[in-house]
Amino acid sequence: MAHACIGMVSERDTIIIDAGTTCYEIARQLPSDFKGTIITHSAPAIQQCLRLASARTICLGGELLHDSQAFIGEMAVAATARLRAQKAFIGAAAVRPDGLYVDRDLELAAKRSLIRSADQVIVVAAAGKMGRSALVHLMDFSPVDVLVTDAPPPAEIAAALEESGVELVVAQSST
C-alpha cells in the first residue's frame, strides 16, 4: 500500500503523513531524493525524515501520545491550521459503510485538522480494517478523495465509497 501511495506523490509535493504503522511505511519508502515537504505529527515518521536531506520536514508539536507515538492536542491542531498540503495520507482504525473510525477521542482533533489542511485526502487502510469496529467516528467519506487498501473491500463498503465519489485503489502485493 505504501508503494501505491508513493506513486501518487510528485517530487516537490507538500504532503501530510498521519501517525500509525501504515502511514509510517509511506515515510519509510519516500525516495532519498524527495525534494518536497513533509508535515507530520508522527514521531516515527519524523525519524524517517532525517534521512531525506533534500526534503523539508515540519513537525507538529503537542502532547506525545506514547502508544501511537503521535503528537496531539491544541498545539498540533493550531500548527496544522496554518499549513496547506497537496496530499494528506491518513490512517484509520476501522472503515465501515458510514465512514472512518479511530480508537480514541484524543485522536480526533489532530486527525481532523490534518484532513482540513489538505487539497487531497488519501486514506490508507489495510483489508483487516474493513468492517472492523472502533470506538469513535472520525468522519463520513465526503472529505475522502482516495482510499488505498490491499484487498477489495466488502460490497457494502465499496458501494458507500462509490456513492461518495471516493476512488478505490487496491494495491498489488509486493510479494
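**Reading the sheet**

Reply: Val102 has Val136 in E10 as its bridge partner. This is a predicted model, in which local features need pLDDT of at least 70, side-chain atom pairs count only at pLDDT 80 or more, and totals for chains, interfaces and linings use all residues. Residues are numbered from 1 along each chain as its sequence is written, and side-chain values use heavy atoms, leaving out hydrogens and water.

Me: How many bridges join E8 to E10?

Reply: In general, strands of a sheet pair through backbone hydrogen bonds, parallel or antiparallel. Here 3 bridges join E8 (residues 99-102) to E10, and the two run antiparallel. Tyr101 stands opposite His137 in E10. Pairing requires at least two bridges found by DSSP; strands (E, at least two residues) and helices (H or I, at least four) are DSSP runs numbered from the N terminus.

Me: What joins E7 to E8?

Reply: A hairpin does, through 2 residues. E7 and E8 run antiparallel, with 3 bridges between them, and Arg96 faces Gly99 in E8 as its opposite residue.

Me: In what order do the strands of the open sheet lie?

Reply: The order of its 3 strands is E7-E8-E10, with antiparallel pairing. E7 (94-96) and E10 (136-139) are the edge strands, each pairing on one side only. On average, neighbouring strands are turned by 40° against each other, direction ignored.

Me: Which helix packs on the sheet?

Reply: Helix H5 (residues 108-116) does, touching E8 and E10, where contact means heavy atoms within 4.5 Å. The direction of H5 makes about 15° with that of E10; axes are lines fitted to C-alpha atoms, for helices over the stretch in contact, with angles from 0 to 180 degrees between N-to-C directions.
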